[in-house]
Amino acid sequence: MNQQTSGGLSVRRVSKSFRLGSTTVEVLKSASLELADGEAVAIVGPSGSGKSTLLHLIGTLDRPDSGTIEIDGRQPLSLPEAELARFRNRTIGFVFQDHHLLPQYSVMENVLLPALAFRGDRRQRAAAGQRAEELLEAVMLAHRRQHRPAELSGGERQRVAVARALVNRPSLLLCDEPTGSLDGDTAKAVSDLLIELHGRDRTKMIVVTHSTELAARFARRYRLTDGRCVAA
């Protein structure tokens with residue numbers, strides 16, 4: 001396997017199992033993948049193959065039973081919890097199948113939430129506000145900045161979630177079935193947006209998807225088979 005380079009992602013021999021009653025289910029079995037800075041890959045596989053589990057491990061939302069995960073030359077899971085939370089907030093952006101917008105907040109407030117998790121000084125808050133404005137322009141929702149999520153369509157809510165994921169300029173963007181709950185035309189629009197913003201910001205991006213159409217748009221693809229990542 002290629003040596004880890006600064007700015008990349010390296011997942012090395014990661015395993016994860018879960019207990020279901022008296023049974024142990026091995027979901028990932030020594031799964032490995034590499035991603036260089038600015039690269040994007042799709043991960044495909046049937047339901048239950050471990051795609052979301054792998055994404056949660058890479059996103060430091062869970063811990064593997066064994067193996068290592070390096071992001072930008074660091075092993076975040078070795079950090080104390082408070083430092084890990086800060087690393088996750090600043091380094092990783094998440095887009096899920098369900099947008100997870102907070103219904104009581106406006107579009108602008110939802111986009112700004114990650115930037116406000118660790119309060120900075122006035123200059124940093126002003127920069128975050130400007131970044132949020134730029135992203136809402138990019139996702140074509142600047143005119144909706146004061147609306148609540150309930151006033152938006154499903155595609156608009158997912159576009160807000162994309163903007164929120166990018167507000168802290170993360171180096172790694174993780175997308176778990178980002179078009180799974182959208183109709184065909186709306187799914188294509190969100191896919192176009194993700195690929196456009198990835199190209200513009202040069203983030204590392206992993207997209208887990210059941211969509212063969214979306215997966216086909218990536219030059220590199222992995223398939224999860226028997227708990228391992230294989231080139232697709």
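Reader: Which residue in β2 does V14 stand opposite?

Author: Happy to start there, with a note on the model first. This is a predicted model, in which local features need pLDDT of at least 70 and side-chain atom pairs count only at pLDDT 80 or more, while totals for chains, interfaces and linings use all residues. Residues are numbered from 1 along each chain as its sequence is written, and side-chain values use heavy atoms, with hydrogens and water left out. Strand β1 (residues 9-20) pairs with β2 in the antiparallel sense over nine bridges, and the residue of β2 opposite V14 is A31.

Reader: In what order do the three strands of the open sheet come?

Author: Strands here are DSSP runs of E, at least two residues, and helices are runs of H or I, at least four, numbered from the N terminus. Two strands pair if DSSP finds at least two bridges between them. The edge strands, each pairing on one side only, are β2 (23-35) and β4 (66-71). With antiparallel pairing, the order is β2-β1-β4.

Reader: Which residue in the hairpin of β1 and β2 takes a positive phi?

Author: That hairpin has two residues between the strands. The phi in question is near 65°, and the residue is G21.

Reader: At about what angle to β1 does helix α1 run?

Author: Axes are lines fitted to C-alpha atoms, for helices over the stretch in contact (heavy atoms within 4.5 Å), and angles run from 0 to 180 degrees between N-to-C directions. Helix α1 (residues 51-58) lies across β1, β2 and β4, and its angle to β1 is about 120°.

Reader: Why is helix α3 described as largely enclosed by the rest of the structure?

Author: Buried means under 20% relative accessible area, exposed over 50%, and partly exposed in between (1.4 Å probe, protein chains only). Among the buried residues of α3 are V107, M108 and L112, and their cover includes α2 (81-91), α4 (122-138) and α5 (154-166). Helix α3 (residues 107-116) is largely enclosed because the buried residues number seven of the 10.

Reader: Which residues touch the most other members of the largest nonpolar core?

Author: A nonpolar core is a set of buried Ala, Val, Leu, Ile, Met, Phe, Trp, Tyr and Cys residues joined through side-chain atoms within 4.5 Å. The largest one has 37 residues, and α5 gives the largest share, six residues. Leaving aside neighbours within four places in sequence, the contacts of M205 include L35, L173, L194 and F218. The two residues touching the most other members are L173 and M205.
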